[in-house]
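Work through the following exercises with the sequence and the structure side by side. Try each task before you read its solution.

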Amino acid sequence: MKKINRLLQAKIEAKLNKGKVLVLYGPRQVGKTTLARDILLKLGAEPGKGYFNCEEVAVRETLLSMDSGRMSSYFSGTSVIVLDEAQSVPDIGKSVKLLIDSYPKLNIIATGSSSFELANRVSESLAGRKYEFLLPPLSFEEIRQAFGNAAAISGIADTLIYGSYPEIATSATNNEKIENLRSLATSYLYRDVLNYNRIKSPDLLMKILKALALQIGSEVSPNELAGTIQIDRKTVQSYLSLLEQAFVVFRLPPFVRKRRDEIKLMNKYYFFDNGILNALIGNFQPPENRNDTGALWENYLISERRKFNGLRGLAPNSYFWRTHSGQEIDLIEEADGELTPFEFKYNSTKIARGAYSFVETYGAKDIRVINKNNVLDWLNIAEK
């Protein structure tokens, strides 16, 4: 498999040797283990030293022992250790706190694929003692650095269909990509959710995921979703929350300020990766052969924007905007008191007349339309 450098690595390394635990979140199979091992090697760890899989019994028992001497002996031999799949250890926060308190010069990187497990177990024990990072699927910039500018540009259409998980991006053929995606988009990606004690039905989880995949770009009503799947609203909301915390989907809330006709109560949901979205609906046809190309384009660009901001430590407030009469903006970013609206059109440059009422109402910047002809400038904005 081709080596792909991750932009997050430098940011993680910059936080070493500060007496804090580094917590690395991200979906399963996104490259957390590879990144953590790369950091170990760069810091001079001997092969086989410093990496510990918390799903192994011996590792878990050592951490659960709450014996600093036993842990020191077990984890000795390197100035940095990686505790992979740390959410597998109950009370991992207490174990790690004991380690960092007893050995303040030890660097600890804890990885986890579900924030509802790991975050809950480290937040209280490590309050003020941790840095948190989110590793998403590959960004356009990472793909460009690995494969070259021309390949990255020509590969945008493929990314709309197959996504950008590292294993998918490095697969040799489209058939291999589809096979890997189908495997990933079944129980493996959702294992943390399925193991959670509030989840009773894998079939129900898949129904919710497929319903979300078919509603990209539209507001999601928990009531309607509950009626379609024939379950109660509370259960739907519980599943949606867990899917967010397992980094399968993310939520975009509505922009609501002055106008009484603005949509207020429904969110939009997007997938972290287009390939997972397409695997769920079973459609790997190219954009030109589909009637949902606009939704694919919107999901790709909003998820890519999320990566762009997150990997650079930017945190604008992000929203969509829509009125009950159908005026809408796909994405609004709010930062430093300024509102920047974006519309995503795969082929068109046309903006619906109603969208301009947002600019008029809120004094926002002019609306930028991102289509397949100017997308490179938008994806390369970091170069300016």
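**Exercise 1.** Which element gives the most to the lining of the largest pocket, and with how many residues?

*Solution.* Keep in mind from the start that this is a predicted model. Begin with the pocket itself, which holds about 730 Å³ of space and is lined by 32 residues, with Leu134, Arg306, Asn309, Gly310 and Leu314 lying nearest its centre. Next, list the elements that give two or more residues to this lining: helices H1 (8-13), H15 (233-245) and H17 (293-311), together with strands S5 (130-134), S6 (249-252), S8 (317-322) and S9 (328-335). Of the elements, H17 gives the most, with 8 residues. Finally, sort the lining by class, and you find 16 nonpolar, 8 polar and 8 charged residues.

**Exercise 2.** Describe the second largest pocket by its volume, its lining and the classes of its residues.

*Solution.* The volume comes to about 490 Å³, and the lining consists of 25 residues, of which Gln29, Gly31, Lys32, Thr33 and Thr34 lie nearest the centre. Helix H2 (32-42) and helix H10 (166-169) each supply at least two residues of this lining, and the largest share, 5 residues, comes from H2. By class, the lining divides into 7 nonpolar, 7 polar and 11 charged residues.

**Exercise 3.** In the open sheet of 5 strands, what is the order of the strands, and which of them stand at the edges?

*Solution.* Reading across the sheet, the order is S2-S3-S4-S1-S5, and the pairing is parallel. Strand S2 (51-53) and S5 each have a single partner strand, so they stand at the edges, and one side of each is left without a neighbour in the sheet. From one strand to the next, the twist averages 20°. Now look at strand S1 (residues 21-25), which runs parallel to S5 and is joined to S5 by 5 bridges; in one of these pairings, Val21 has Lys130 of S5 as its bridge partner.

**Exercise 4.** How are helix H14 (residues 222-229) and H15 oriented to each other: roughly parallel or roughly perpendicular?

*Solution.* The axes of H14 and H15 come within 8 Å and cross at roughly 105°. Angles of 65 to 115 degrees count as roughly perpendicular, and therefore H14 and H15 are roughly perpendicular to each other. Their contact is made by Pro222, Asn223, Leu225 and Ala226 of H14 with Arg233, Val236 and Gln237 of H15, and these residues divide into 4 nonpolar, 2 polar and 1 charged.

Definitions and conventions. Residues are numbered from 1 along each chain as its sequence is written. This is a predicted model: local features need pLDDT of at least 70, side-chain atom pairs count only at pLDDT 80 or more; totals for chains, interfaces and linings use all residues. Side-chain values use heavy atoms; hydrogens and water are left out. On a 1 Å grid over the protein atoms alone, a cavity is a set of points where a 1.4 Å probe fits but cannot get out, and a pocket is an open set with protein on both sides within 12 Å along at least five of seven lines; lining residues have an atom within 4 Å of a point. Grid points are joined across faces, edges and corners, and a volume is the space filled by probe spheres set on the points. Helices (H or I, at least four residues) and strands (E, at least two) are DSSP runs, numbered from the N terminus. Ala, Val, Leu, Ile, Met, Phe, Trp, Tyr, Cys and Pro count as nonpolar, Asp, Glu, Lys and Arg as charged, and the others, Gly among them, as polar. Axes are lines fitted to C-alpha atoms, for helices over the stretch in contact, and angles run from 0 to 180 degrees between N-to-C directions. Angles under 35 degrees count as roughly parallel, over 145 as roughly antiparallel, 65 to 115 as roughly perpendicular and the rest as oblique. Contact means heavy atoms within 4.5 Å. Two strands pair if DSSP finds at least two bridges between them.
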